[in-house]
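Biologist: I am new to this protein. Please walk me through the model, one question at a time.

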Amino acid sequence: MAAAPAMKTVWNWSWMMRVFGKWALVAFFSLAGAVSPAAAHHSFAMFDQTKISHLDGVTVKQFNWTNPHTYVVVEGKDGSGTTSYTLECSSTNMMSQSGWKFNTIKVGDKVTVDFYPLRSGKPGGMLKTVTLSNGKTLKAW
């Protein structure tokens with residue numbers, strides 16, 4: 001009676017590299033996709049959160065309901081003419097929880113804003129609250 005052939009393990013490195021190499025690429029791009037939003041996000045150091053600026057009766061020029069941040073551009077008159085202020089808000093999700101909707105403010109609306117100004121002194125900052133023409137005040141952070 002002949003003996004059964006011994007089991008021989010054959011490592012096919014080419015096959016293993018094709019299979020595991022694909023999984024390594026999938027894992028790499030999954031991790032890269034997961035960390036990209038965090039890497040692209042900025043700090044809030046550019047805003048002076050020890051001061052609050054107030055603009056009364058400014059006109060909404062733009063309202064961008066976007067992630068990761070919503071932006072409002074308002075225009076107000078000062079001693080030298082008209083100045084535009086770009087005000088950064090929270091995410092659409094956070095603002096929705098505070099009562100905002102994509103159409104809460106529209107171009108041409110008159111609003112009052114309180115915001116943390118930019119440390120650079122440029123017109124703009126982080127919007128703290130907006131008071132609508134109907135008297136309703138909404139938080140932006």
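Biologist: Which residues does V111 touch, leaving out those up to four places away in sequence?

Modeller: First, the ground rules. This is a predicted model: local features need pLDDT of at least 70, side-chain atom pairs count only at pLDDT 80 or more, and totals for chains, interfaces and linings use all residues. Residues are numbered from 1 along each chain as its sequence is written, and side-chain values use heavy atoms, without hydrogens and water. With contact meaning heavy atoms within 4.5 Å, V111 touches L55, D56, G57, V58, V60, V74, I105, V130, T131 and L132.

Biologist: How far apart in space are V111 and L132, C-alpha to C-alpha?

Modeller: In sequence, 21 residues separate V111 and L132. L132 is also among the contacts of V111. The C-alpha distance is 5.0 Å.

Biologist: Does V111 count as buried or exposed?

Modeller: Buried means under 20% relative accessible area, exposed over 50%, and partly exposed in between (1.4 Å probe, protein chains only). V111 has 2% relative accessibility, so V111 counts as buried.

Biologist: Which strand holds V111, and how many of the residues in β4 are buried?

Modeller: Strands are DSSP runs of E, at least two residues, and helices are runs of H or I, at least four; both are numbered from the N terminus. V111 lies in β4. That strand spans residues 110–117 and is mostly covered. Of its 8 residues, the buried number is 6.

Biologist: Which residue of β4 is the bridge partner of L55?

Modeller: Two strands pair if DSSP finds at least two bridges between them. β1 (residues 53–64) and β4 run antiparallel, joined by 5 bridges. L55 is also among the residues that V113 touches. The bridge partner of L55 in β4 is V113.

Biologist: Which residue in β5 stands opposite T112?

Modeller: β5 covers residues 124–131 and runs antiparallel to β4, with 6 bridges. The two strands form a hairpin with 6 residues between them, and G121 in the turn has a positive phi of about 90 degrees. Opposite T112 stands T131.
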